[in-house]
Amino acid sequence: MAEGPKKAIRRSTFMEVPYLSDPHRNLMVDLTSTVETRLDSQLLPCTLPENVRYFENQNGTSHATLYLRSGISSSPLEEILTVEICSVLKDLRPLLTSELEKIDFLSGIWIHSELPTGGELNITSLAMYLNSSTDAPNFTMDLILSSPTSLILYLNLLPRKDLVLHPDYLNTFYQDTELETQRQLLDKIPEVRPYFSPSLYVRSLLSPTAIMVRIEAEAAERMEEIIREHVHPVAKEALRIWMDQCACVKREVSQTERDYLRKRDEVVKTNTIEADLASSLLRLFGPETADRVQAAIRAVYFST
């Protein structure tokens, strides 16, 4: 690959991707900026080493940028209040805990790879996970562009409780928020078709309103139009709902429920690394880079 594009990547951040179309890049920039503007006080700076923030394979045919920001844990404050001064400052505790940080981490990644067939693969992903101080859903979005005219979109508010056993949870986060309306808007686009992941585990994580579709356009210009006019507004509205109804709403969670959520979240995060990322990183970047990146991800995912 020519030296110019490599230098451009090395200078760029997660939101400055030289290989994406403008609508695709604008979508990722808008969503990430929206989250960081709204929730910045709950997030620590990204402290990943340079060789994890940006990495490539030996042949220069695959490039990626990883962006991770841990949440500011509220656990120490809660423990202090509960054990030492809660009995004395009981009236003040609601004021001190009403804005307790709920974010576990923010994760963003893009991968660009030249395919042996001569095409290109571009993957962008954005995820926000909440910690065990709340049982509200997590936000995940992936766009997989295997050609300028073929896109797989995965957009999900990942439930963290059994929806059959907790119908109030289903109503609060999926029915009352009218997330289904956003899925239906995309269904109306002629080029949009349902997509079924080959992974049964991935399917098991889907909410009733999850969007998992394949978009096949006749031309790259039409794909850009679909992303700009349809995918972007739907993703932006889903993110707004998540921030308003999940990330910024206090939920009463017992200690037993917190223990359950912590264990459940650890299983999901472990499977995300081992099932979703590990094989792709190994195939595209080799064992040394894959191990280095996975270690950095684990350090953030399991820091709390």
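F139 and W242 are both buried. In this predicted model, these two residues also form a tilted aromatic pair, with 6.2 Å from centre to centre and 55° between the planes. F139 belongs to strand β5 (residues 138-147) and W242 to helix α9 (residues 220-247), so their pairing ties together parts that are 103 residues apart in sequence.

**Aromatic pairs**

A pair of aromatic rings is described by the distance of the centres and the angle of the planes. The count of aromatic pairs in the model comes to 5. Among them are the two pairs listed here.

| Pair | Centre to centre | Angle between planes | Arrangement |
|---|---|---|---|
| F55 and F285 | 4.9 Å | 70° | edge-to-face |
| F139 and W242 | 6.2 Å | 55° | tilted |

F55 lies in strand β1 (residues 54-56), whereas F285 lies in helix α10 (residues 255-285); the pair therefore ties together parts that are 230 residues apart in sequence. F55 has a relative accessible area of 2% and is buried. F285, at 7% relative accessibility, counts as buried.

**The surroundings of T177**

T177 is located in the loop between α6 (167-175) and α7 (179-187). Its relative accessibility is 13%, and T177 therefore counts as buried, the limit being under 20%. A polar atom of the T177 side chain lies 3.5 Å from the backbone oxygen of Y174. Leaving aside residues up to four places away in sequence, T177 touches T172, I241 and Q245.

Technical notes: Residues numbered from 1 in each chain as written. Predicted model: local features only at pLDDT ≥ 70, side-chain atom pairs only at ≥ 80, totals over all residues. Heavy atoms only, no water. Helix = DSSP H or I, 4+ residues; strand = E, 2+ residues; numbered from the N terminus. Buried < 20%, exposed > 50% of the residue type's maximum accessible area, 1.4 Å probe, protein only. Contact = heavy atoms within 4.5 Å. Polar contact = N/O pair within 3.5 Å; in protein donor to acceptor, adjacent residues only side chain to side chain. Phe/Tyr/Trp six-rings, centres within 6.5 Å; stacked < 30°, edge-to-face > 60°.
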